[in-house]
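Have the viewer open as you read.

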Amino acid sequence: GGGVSVDLAENFRSDARLVDWQNTVFAVLFGDRTDEDGQRAGQVAYEPGVARRAATDNAPAVELLLSSGETGATSYGERQRDSEARRVAARLRGIVDDGEVLLETEDGPRPASFGDFGLLLRATTDIKLYERALSRARVPYYVVEGMGFYDRPEVVDMLNLFSFLDNRTDEPALAGVLRSAMFGVSDEALLA
């Protein structure tokens, strides 16, 4: 107890169109749900984001790629993910080949290139499907860090710090943060 709530609704990086889309979708997904007694049904209320960066133009900022899931994969889930990977790869190839997306630069607009895109995957489980699809579509790629974001040392250090601050009896988290590059306490000093 005794903590302070900090509202992180302001977004200074994303185009206003992206924030508007996010607000529309997540307001529905997090929408008010009540049980038969009219009580809130375990959902966290969605707090809309506030865009602090103006929309760059009126063009759509989000594009949904619907997948049919038809391949020779072994399971329904794998078919869906494989189809999704192929659709994403084909779309990236098309955007670059057709020059349909222009990016504003100091020297004026220029067509998007492959280096302007990044794919964020929730897990590396299906990364091979995406690598195969990108290769087949002749889309150059590279995988940044073979580990996930939450496995990176600096993130683990911060999670340990937050875990200890949340629970002052979490000694493993305290030891982890003290041994980290943040504090650099040696094993001998920690043992003492």
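Which residues does Leu92 touch, not counting residues up to four places away in sequence? Leu92 touches Phe114, Phe117, Leu119 and Leu134, where contact means heavy atoms within 4.5 Å. Keep in mind that this is a predicted model: local features need pLDDT of at least 70, side-chain atom pairs count only at pLDDT 80 or more, and totals for chains, interfaces and linings use all residues. Residues are numbered from 1 along each chain as its sequence is written, and side-chain values use heavy atoms, with hydrogens and water left out.

**Overall layout**

- In sequence order the pattern goes β-α-β-α-β-β-α-α-α-α.
- Of the 192 residues in the protein chain, 20% are buried, meaning under 20% relative accessible area, while exposed is over 50% and partly exposed is in between (1.4 Å probe, protein chains only).
- The chain's accessible surface is about 14,500 Å², and carbon and sulfur atoms hold 54% of it; areas come from the Shrake-Rupley method with a 1.4 Å probe, and for residues only the protein chains shown count as cover.
- Take the contacts in the chain with a separation of 6 or more: 42% of them link residues 24 or more positions apart.

**The core**

- Leu92 also belongs to the largest nonpolar core, which has 11 residues, among them Ala85, Val88, Phe114, Leu129 and Leu134.
- Such a core is a set of buried Ala, Val, Leu, Ile, Met, Phe, Trp, Tyr and Cys residues joined through side-chain atoms within 4.5 Å.
- Helix H2 (76-98) and helix H3 (127-136) are the elements that give two or more residues to this core.
- H3's buried residues are Ile127, Leu129, Tyr130, Glu131, Ala133 and Leu134.

- For background, most residues other than glycine have a negative phi.
- Arg138 lies in the loop between H3 and helix H4 (153-166), and is exposed at 58% relative accessible area.

**The hairpin**

- Strand E3 (residues 102-105) and strand E4 (residues 108-111) run antiparallel and are joined by 4 bridges; two strands pair if DSSP finds at least two bridges between them.
- E3 and E4 make a hairpin with 2 residues between them.
- Leu102 stands opposite Pro111, and Leu103 has Arg110 as its bridge partner.

**Arg91 on H2**

- Arg91 is in helix H2 and touches Glu63, Leu65 and Glu100, not counting residues up to four places away in sequence.
- Arg91 and Leu65 are 26 residues apart in sequence, yet 8.5 Å apart in space, C-alpha to C-alpha.

**The largest pocket**

- The largest pocket holds about 1,900 Å³ of space; grid points are joined across faces, edges and corners, and a volume is the space filled by probe spheres set on the points.
- A pocket here is an open set of points on a 1 Å grid over the protein atoms alone, where a 1.4 Å probe fits, with protein on both sides within 12 Å along at least five of seven lines; lining residues have an atom within 4 Å of a point.
- Its lining has 41 residues, with Leu18, Ala61, Val62, Glu63 and Phe117 nearest the centre.
- Helix H1 (16-29), H2 and E3 each supply at least two lining residues, and H2 gives the most, with 7 residues.
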